[in-house]
Amino acid sequence: MSKNAKTALVLASIALASFLGIVAKYWILRG
Amino acid sequence: MSAVVDTHAHGHHDHHGGYGGIMRWITTTNHKDIGTLYLWFSFIMFSVGGLMAVGIRMELFSPGLQVMDPDFFNQLTTMHGLIMVFGAIMPVFVGFANWQIPMMIGAPDMAFARLNNWSFWLLPFAATLLVLSFFMPGGAPGVGWTMYAPLTVQMGIGMDLTIFAVHILGMSSILGSINIITTILNMRAPGMTLMKMPLFVWTWLITAYLLVAAMPVLAGAVTMTLTDRHFGTSFFNAAGGGDPVLYQHVFWFFGHPEVYIIALPGFGVISQVIPAFSRKPLFGYASMVYATSAIAIISFIVWAHHMYTVGMPVTGQLFFMYATMLVAVPTGVKVFNWVATMWKGSLTFETPMLFACGFLFMFTLGGFTGLVLSLVPIDIQVHDTYYVVAHFHYVMVAGALFAAFAGIYFWLPKWTGRMYDETLGKVHFWLTMIFFNVTFFVQHFLGLAGMPRRVPDYPLMFEAWNKISSIGAFGMGLSQLLFLYIVLKALRSGAKAPEKPWEGADSLEWTHLPTPVPYHTFETPPVLK
């Protein structure tokens, strides 16, 4: 995997974690 | 740095890839083409959002209901905000990023060229959805650009189109940011260390991180709104045990970093323009980098200053008040450094520098009213009044739009090989500067006198300032037709630009590339010392 692809993967993971995290916090953990 | 100029020759007719005409623009993966697409898209969206602003000011020209019903007025304020923030201001700086970042760091293109194409072409679909929402049953959502619950739960199908549009816009921004960060981190020319990068590149690197962290939060907020509307959840619906204030917390956790997502690239442009026309290096380069980083970090801990009136504990109010005041420190460092760069410089005031100076005065004024609003006792008095509207237009218009104009006049000769009409450029600046202040300065008085925002009617006592503000808005709108004329005139019949029209400009695109820049640049990395 190229260096660019690795960097992009890390950044995309951060974005996905933010998105899922904010929904999960209030859905699964009920606030 | 060496002064080796990349004069890589390209045939005029074979350098745009395999397609011509419209297909060139649809299929292009060239960062300059995509930058141009972003800039024109942004101008179209500025025009659409500007027309909505003219509609709003027409209604507010006199007390009473004049030209539209209150519901449509609310739809206009909502769409004006959404289109200007997501469709106009953000894309204009992504356009600058596409054009400038590869050239400024000595890279041949963006890291992910096809992804870059897709990031752009998502935008017209999102913009179409936003505009189409006007034609849905019930019209566009009239909830304000912040899309507060519980109103969003009660809106018609136009709200769903808007939510979908926000998702697409967010996806475009995140993909663009990933591309920008990867390009800057991995594709700099040998010798271009992080602390040698032009400040425009630094501000975009930090902005892109902000986008990656903040945009998914907005996506989460509108996704929860969507599930509240259609899938039986009650995140924000009090009737089902949800909390509407929760939406405000989540939205502003995105929303305040968003202010800096808009402002920081503008800071970057100004940091290129002021040294060029002062004929001096930027004062305090390292402190500018650290100040920009500090602004970005602090922007994540100040969100609740937008919601002092929701009934939070005094301890919370105090925390957010002091944290907000803290933003003034790194911002003050930046303003000080810009002024110190000009100090004893060999100054000239061509159009880019005029817009940079206009930015300095007006943005600082917007910053000061921001400090006023950070104070809980004052904010509670003027919350949701025209004082807030005046404040954020000084930040958004004078901050971001003036910086964008400065950047376009600054780099247009490099991009096109044509000079714009300097006299007309100066006329454009002064008309914009005067009408901007006529429009928005008086709104401070309206707000302090208690006129609420997002209301189409008002008592007679507010009539005079509203008339003045509306006249200013009409003048400012017309002034932008002059800008379009200046750009088109430069493209069609502008005088040939010299190799280096601004003698103080010293970043790679000025020192290492011919004017106009060829379609492909830095296929071989420049040699930097």
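Okay, quick definition before we start: when I say helix, I mean a DSSP run of H or I with at least four residues, numbered from the N terminus. And please keep in mind that this is a predicted model.

Let's start with chain A. Its secondary structure comes to 1 helix and 0 strands. The C-alpha trace spans about 40 × 10 × 5 Å along its principal axes. Of the 31 residues in chain A, 29% count as buried.

How does chain A meet chain B? We've got 15 residues of chain A in contact with 21 residues of chain B. The area buried between chain A and chain B is about 1,400 Å², and carbon and sulfur atoms give 80% of that.

Rolling a probe the size of a water molecule over the atoms shows where empty space is left. Searching the whole structure turns up 1 cavity of 30 Å³ or more, and the largest cavity holds about 170 Å³ of space. It has 18 lining residues, and the closest to the centre are B:Met90, B:Pro91, B:Val94, B:Ser173 and B:Leu211. Which elements build that lining? The ones giving two or more residues are α3 (70-105), α6 (157-186), α7 (199-230) and α8 (244-278) of chain B.

Next, the second largest pocket, with about 360 Å³ of space. This pocket has 21 lining residues, and B:Pro198, B:Gln272, B:Leu282, B:Tyr285 and B:Asp506 lie nearest its centre. In chain B, α8 and α16 (508-511) each supply at least two residues of the lining, and α8(B) gives the most, with 4 residues. What does the lining of the second largest pocket divide into? Here we get 14 nonpolar, 4 polar and 3 charged.

First, B:Ile163, which sits in helix α6 of chain B. Is B:Ile163 buried or exposed? Relative accessibility is 1%, so B:Ile163 counts as buried. Leaving out residues up to four places away in sequence, B:Ile163 touches B:Val222, B:Thr225, B:Leu226 and B:Arg229. Going back along the chain, B:Leu151 is 12 residues from B:Ile163, and their C-alpha atoms are separated by 13 Å.

Then there's B:Gln248, over in helix α8 of chain B. At 13% relative accessibility, B:Gln248 counts as buried too, because the cut-off is under 20%. Again skipping residues up to four places away in sequence, B:Gln248 touches B:Tyr148, B:Met307 and B:Val310.

Last stop, α13 of chain B, residues 386-416. Where does helix α13 bend? The bend is at B:Phe410, by about 35°, and a proline, B:Pro413, follows within four residues. Why call α13(B) largely enclosed by the rest of the structure? Because 29 of the 31 residues of α13(B) are buried. And just after α13(B), B:Gly417 takes a positive phi of about 75°.

That's my tour.

Definitions and conventions: Residues numbered from 1 in each chain as written. Chains lettered and ligands numbered in written order. Predicted model: local features only at pLDDT ≥ 70, side-chain atom pairs only at ≥ 80, totals over all residues. Heavy atoms only, no water. 1 Å grid on protein atoms, 1.4 Å probe; cavity = no way out; pocket = protein on both sides within 12 Å on 5 of 7 lines; lining within 4 Å. Points joined across faces, edges and corners; volume = space filled by probe spheres on them. Bend = angle between axes of the 7 residues up to and from the residue. Buried < 20%, exposed > 50% of the residue type's maximum accessible area, 1.4 Å probe, protein only. Contact = heavy atoms within 4.5 Å. Buried area = accessible area lost by both parts, 1.4 Å probe. Nonpolar A, V, L, I, M, F, W, Y, C, P; charged D, E, K, R; others polar.
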